[in-house]
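Please read the following points with the coordinates open beside you.

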Amino acid sequence: MSQTGTQLERRITPTGRRQASTGAAVVCRGVTKTFGDGETQVHALRGVDLEAPYGEMSLLVGPSGCGKTTLLSVLAGILEPTDGSVTVLGQPLNELRGQELVRFRGQNIGFIFQQYNLLPALTAAENAAIPLLIQGWPRRKAVARAKELLDAVGVGARAHALPSQLSGGQQQRVAIARALVHEPRLIICDEPTSALDGDTGHVIMEIIRRVGVGPDRAVIVVTHDNRVFEFGDRIIHMNDGRIVRTETNGLGETKGSVDTTPVSETLIEEAKQSRGSLS
Ligand SMILES: Nc1ncnc2c1ncn2[C@@H]1O[C@H](COP(=O)(O)OP(=O)(O)OP(=O)(O)O)[C@@H](O)[C@H]1O
Ligand SMILES: [Mg+2]
């Protein structure tokens, strides 16, 4: 386990050394996104200015159709904005082209999709291993590490099942394991607890916080689930393609004291302790 942790550390910072980061993990300026043209045109984002600080979990809330998933996709470099700029972990996304953007995303961003997006022909463990395989990990090692994550989120017993053989909540947890397995510096989650019962959702949010919140990392979560609110450091309210209000959640004092020990060394241990409420 500690060997795996060391390897993960090396992959997170090429120098093998954690660097304190300043500023915000994500900065959006004047971001717009328009789909289609003519009569069918939809203005999904109408000028979004947003900062998601390092060391915080930012929650993004708002009514259905207000542009939350569109905004997450733009932040993750999956969708190109119509106008405006997005800087992620100090890197302006519009400076990256083709494979550069794919590589940047693969190394630095973990995305939990609203629809899970698991590959139907791969087992749960293979799905969860994808980010490590993309980074060049040997298959056996990647799948073994993925199984540890599946264990942590409570679906280790279903590691060899195909997505079609899993319940909705189990599929969601495989998608969560896939987003966390390479310990990305930015974790973006679209409704990560929508298919989970209260206890399981609580444990999952704790794991996402533990992996994703640190001095050089951040998490952004879209949620309708008010049980998730306690996990956020700030709540960003969206309406009709715009940010309308931001409130901080009183966790500001604790966020600065996040420890810098490798996540991988403690994650599984903590998950084991919580596992009583997962099955
Ligand atoms: N690919 C697309 N083509 C055309 N319109 C789109 C596309 N994707 C999203 N939209 C439209 O953009 C608007 C914002 O959609 P988005 O999925 O971002 O909303 P949301 O806030 O995530 O909603 P929900 O809470 O229901 O998931 C909606 O009006 C939607 O119909
Ligand atoms: Mg959505």
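1. A residue is taken as buried if 20 or more other C-beta atoms lie within 10 Å of its own, with C-beta atoms placed from the backbone. On that criterion, 43% of the 279 residues in the protein are buried. This is a predicted model, in which local features need pLDDT of at least 70 and side-chain atom pairs count only at pLDDT 80 or more, while totals for chains, interfaces and linings use all residues. Residues are numbered from 1 along each chain as its sequence is written, and chains are lettered from A and ligands numbered from 1 in the order in which they are written.

2. The protein holds nine helices and ten strands, these being DSSP runs (helices H or I, at least four residues; strands E, at least two) numbered from the N terminus.

3. Around ligand 1 lie residues (C-beta within 6 Å of the molecule) that include F35, V42, K68 and Q114. At least two residues of this shell come from each of β2 (42–53) and α2 (68–75), and α2 gives the most, with three.

4. The axes of α5 (residues 139–152) and α6 (residues 168–180), lines fitted to C-alpha atoms over the stretch in contact, with angles from 0 to 180 degrees between N-to-C directions, come within 9 Å and cross at roughly 130°. At their contact (C-beta atoms within 7 Å), A146, L149 and L150 in α5 meet V174, A177 and L180 in α6.

Key. Buried ≥ 20, exposed ≤ 12 C-beta atoms within 10 Å, placed from the backbone. Contact = placed C-beta atoms within 7 Å.
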